[in-house]
Each structure stands twice: as C-alpha cells, then as structure tokens.
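Please open the model in a viewer and keep the selection tool at hand. The stops below are arranged as a tour, each with something to select.

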Amino acid sequence: MGQTPIEDGETLRSDLGVLLGETPLFRGLDAALLRRIAAAAQWLSLPGGATLFSAGEAADAFYVVLSGSLGVLAADGRAQSRFVARLAAGESVGEMGLISGRPRLFTVVALRNTELARISSRAFNEVLRGESEAMLRIAQMMVERLARVEGAPRAHPRGAYTFTVLPQSLEVDFAGFSTALVKALSQFGRAELVWSVRARTHTSQWFNRIEAANDYVVYVADPTPDRWTKLCERQADALLLLARAESPSGSWAALRWPHDHSLTPRRWELVLAHDSGIETGAAARWLAALPDIPHHHVQTPADYARLARILTGRGVGLVLSGGGARGFAHIGAVRALREAGIPIDLVGGTSMGGILGAGVASRWSVKELSERFRHYFVESKPLRDYTLPFVSLVSGRKVSAMLYEAFGGAAIEDLPLTFFCVSSNLTSGYARVHRRGELWHALRASISVPGVLPPVVHGGEVLVDGGAMNNLPVDVMLELGRGPIIGCDAGADRAFATRGDDVDVPLPWQLMRWIRARRHLPNIFQILWRTGMVNSNAITAEHRGRTDLLLQPPLAEIDMLNWKAFDRAVQAGYEYTSRRLQALPPDSPLWRSAG
C-alpha cells in the first residue's frame, strides 16, 4: 500500500502522543487515555501519490493525519475515479469501516508526503470503544465528512496550505514571485518561504515542524527534474506552474508529461507572469498543453493578493444576473463593494450581468463602467436597428458592433480576473458556460433574448440569452470552489403589470380607446424579454440560497427596457448594497477575505 512504518521508540511515542493531543479528534482528552492511544498507534510515512487503502478492502485500521493531506476517491463507473474530499492534518479516515464492519467504501491516496498515526482494529476496540467522549468526536467528524462529500450548498473550500512554485525556465523571475506570494499570504497567517539551500538535506520531520509552525509554506523548486524538485512536488497541496507569459509556450522539464492530475483537482494552477500589460493570446498559447488547469494572470501587486485569496479558499466570486435596464444596478453594487474593501476576485454573469461582469473582470473603474454603459445603452440605442421579424425584431448588428467596440478581440482567458458568462443552448437543451474564446462573441450569445435579438449560431448549435435557463449562475461559481459568493439579482422584482382585461387586438372602432390605454399594457419587447427569463425562475430561486451575500436591489419601479432610468438603477444598487454591507455580521467570510 506504499506505507512506510517508522520504528517504535520512547521518544517517538512521546512525540506521537503530543501530536495526537493537538488534533481536533483527541484534543482535551485525559492524559492517561492519550498515552494509551499513542502506545497502541503506529506512525506511518506515506509518500505523495501512494495509496493508503482501496475501496473494497477489509477495514483493519483507522488513521489520523498528522501532517500532509489525503484525497478520498469514489468509483463512479468511469475510467477515472471521482475526487470527493480532501483530508488535512488533524482529520481521521477509515473509522467508518471499523464501526460498521463493512469493506472500505472509498479509495484514499496521499496528495502529498503525509505522516499518519495508524490505529488497528484491535487497538480501536481495546482502547477507544469504551470511551464515550472519543467515540462522540469520531461520530461528529464522520458526519462533517459526509456533509462535505454530499456537497453542502454553502460549504467553503478549505484551500491549500503548502505551495510549490515550479518555474518553467530560468527566464521567469521565480524568486521575486515567491517572495511576493509569501508576503501576500502573510496577510492571512504565518507564512514561510523554503529554498533548497536551507532544506535540501533535512528529514521529513524537519518539514513537518516547519509546516506545523506556519499557516502557509511556499517551497521554491528548481526548473530541472532534480531530487529537490521532486520532493517539493510531493510536499505541495498546490503546485503553481509559473511561466513568463510573453515567452514561447513550452513544457516543464521538471514534470513527467503527460501527468495524471485528475485525481487531485485544483492542485495544479498555471500562473502567467506578465512584464507589462496582458498580451492577447498568451493564455490560449500556454493553455493549449494544459487545457484543464486553472490559470491566473500576475501583473500588478494587487494580483498577488488576489492569487493568495484564491489559493487559500478566500477568493470572492461575484455573480450578476440578467434583467435588462435593471442590470445597471450592478454598477452601484460594485461601487459599494469596492468602497467597503470587499475584493472581487472572480466574476460570472448572464445577459446584462455578463456584459457588466466582463467590464469588472477587465478591471474597469466605476467611472469607466458608468461612462461606457451610459454611452452603449442609453445614448447609442443598440436595440433600434429593427428588421423584418423573420427571426427577431432587431437585426443585432448594432449590439454586435457595440460589444466589439467595448472589448475588441480579447479572449475570455485573457481577462485579468477569472470570468465566465452563460448562454442557453437550444440545440442541446442545456445552459452553456463560456470560459474560453472571443469575449464579445460569448457576450453576444448571452444577451440574445429570443425574439428580440437573433440567436448566435456557433459550431452547429443555436445559442440564446442565458436567462432562459440560468439567470443567476451561482452554481457555476460554486463549482470553481474558490471561496464566498456574492449574488446580485436584478431580475427579482415583478417585471410588469397591466390594468384591465384584454385578449385580442381591438377592432378598428375600438383602436383609439386602446391607444389611449396602451401605456398600461406590455409591449412586444417587454413580453419577449420577460418570457425569455420565466423558465429559469425556479433555478434562480434555488441559487439565491446558495450565496454568502444575496443582493436584490428594489427595482420594481424601473422597467426592464427603460434605458433612460440608468442613474436611478445605479443609485438603487449602490444604496441597497451599502445598507446590506453595514448589516453584514463581523464573522462573515467576506470580511475574512477582505483581511
């Protein structure tokens, strides 16, 4: 099983008792009981990548993680096992099999070099079964783990604690990057930088002491596949593949390609360091060989703070809904969040929320957001290019030109912040999430209200407004697993109402009376716009409950197509968000991210 037992000794027994006494499972237990547990336990060293036990095996022991981390895998009928949980230092695994007497349900592997205390089934029965407090804590940890495996809707990721910076070549400034990252991590706890010159000859116990004394440790590997680099790879919770963005793309000599990283999701991260501005196409060039790995742009000092938040599970995700002209309220919400010091690290949205989110991900200031959107939607009137309504009421050419003018040929993966937008795929019947490719083209699909704007046909698929299937894509942000989520729903209020009853268009002699009353009746734009959002109402209601902060500015008095209500919508979003932030509890994860 890849386990390496360490020989017993009085000093080792004493150390093991101290380490067990510091874990949540055994902390505060009677000293005599701790000594008995330590005497019955065996200290194991498991190298990164090794299997602790496999599904279907007999449960002959349970384990306590002393340092390092384990991954829990479940077979789901596919070629690859499904990663379901990460166990960090202080957690236990395998006790369920001992209690139930059934074979192992999961496979457990070491995600990095890991030290464990092994307590056999015999020792478990002799030492722990009669101890009510210890058994209660074991039961509590089992319940907490099951909640994580089942995906509690608002559970936050634990993030990583040890990082290895793996430079692609000597061309990239990995010394400067590593130093800046440690400084950023120190905002959230004790952080230490470890180089080969100070650690190359040390034992695993030295590494354990370094990690126990710090909240975060950054190891700096060499660009070559030497012994130190391999040790750093095994020691890391997260492997940061660092490259100079402007350089020709290449592989990492220190890694054995192709690498199977499917069992350790979010462990590999591509970091592109830029000399100045973000070069268009750089991300696509590097991602061609690493298609399934998250990537980050590092360009300014603020990027190191953002990267530290994302890597440690503190990254704040902002999700913006569709809602036509009501979506301008998002600008006010962004202003209030920035004034309160709440960072925005990842952005996603649908329809108008997608376009505004792209502006936020482009790092536009509030002033720039306001000026651009006033120009594009209020002054330019992009929905005034009417056409024969074979497919839609307007041709969509003005909207396409407006989006290209705003974002040019930028790709989604080139944006400074992680971004996605959602459209509805009428061909497959599912929502489509746009994470790569031409930004303006993805936004054009996301805002294509059926009947108002023509759909976007791409790759043989017909794409329309994302609001038809997912108007508040909180679920997509949750899948990224980066930290707390803010959802801003501009489509929550009642869309429109009318007075009186009517069924058909009136006869000619009733026309004048109908015209006088038409201001109380919905027009075809309103009907089509609202119809495109109704189907996702139930999903949106579910997604609201999965946020850490839900913003629903009062917008009932603003029509979804009243572009002239720009200032009112922005102010409503700002005032409402400011009030919500003032009432936000001090223990909110958003303040934790703000530092």
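**First stop: two crossing helices**

Select α13 and α14, whose axes come within 11 Å of each other and cross at roughly 140°. That angle makes α13 oblique to α14, a class that holds whatever is left after under 35 degrees (roughly parallel), over 145 (roughly antiparallel) and 65 to 115 (roughly perpendicular). Axes here are lines fitted to C-alpha atoms, for helices over the stretch in contact, with angles running from 0 to 180 degrees between N-to-C directions. Helices (H or I, at least four residues) and strands (E, at least two) are DSSP runs, numbered from the N terminus.

The model is a predicted one, in which local features need pLDDT of at least 70 and side-chain atom pairs count only at pLDDT 80 or more, while totals for chains, interfaces and linings use all residues. Residues are numbered from 1 along each chain as its sequence is written, and side-chain values use heavy atoms, with hydrogens and water left out.

The crossing of α13 and α14 is right-handed; that is, the near helix is turned clockwise from the far one by less than a right angle, anticlockwise being left-handed. Now show the side chains: M352, I355, L356, G359 and V360 in α13 meet L369, F373 and F377 in α14, a contact being heavy atoms within 4.5 Å. These contact residues divide into 7 nonpolar, 1 polar and no charged. In this scheme Ala, Val, Leu, Ile, Met, Phe, Trp, Tyr, Cys and Pro count as nonpolar, Asp, Glu, Lys and Arg as charged, and the others, Gly among them, as polar.

**Second stop: α13 and its two ends**

How many of the residues of α13 are buried? The number is 10 of the 10, so α13 is largely enclosed by the rest of the structure. Buried means under 20% relative accessible area, exposed over 50%, and partly exposed in between (1.4 Å probe, protein chains only).

Next select S351, in the loop between β17 (346-350) and α13 (352-361). Its phi is near 55°, a positive value in a residue other than glycine. Most residues other than glycine have a negative phi. S351 counts as buried, at 3% relative accessibility.

Move to R363, in the loop between α13 and α14 (366-379). Just after α13, R363 takes a positive phi of about 65°. At 33% relative accessibility, R363 counts as partly exposed.

Select residues 31-40 (α2) and 121-128 (α4): their axes come within 10 Å and cross at roughly 165°. That makes α2 roughly antiparallel to α4. The crossing is right-handed. In the contact, L33, R36, I37 and A40 of α2 meet A123, E126, V127 and L128 of α4. The residues there divide into 6 nonpolar, no polar and 2 charged.

Select T229, which lies in helix α9 (residues 227-235). Is T229 buried or exposed? At 0% relative accessibility, T229 counts as buried. Leaving aside residues up to four places away in sequence, T229 touches L166, A221, D222, T224 and A254.

**Last stop: the whole chain**

Finally, select everything. The protein chain has 22 helices and 23 strands, and 53% of its 595 residues count as buried. Among contacts between residues at least 6 apart in sequence, 78% join residues at least 24 apart.
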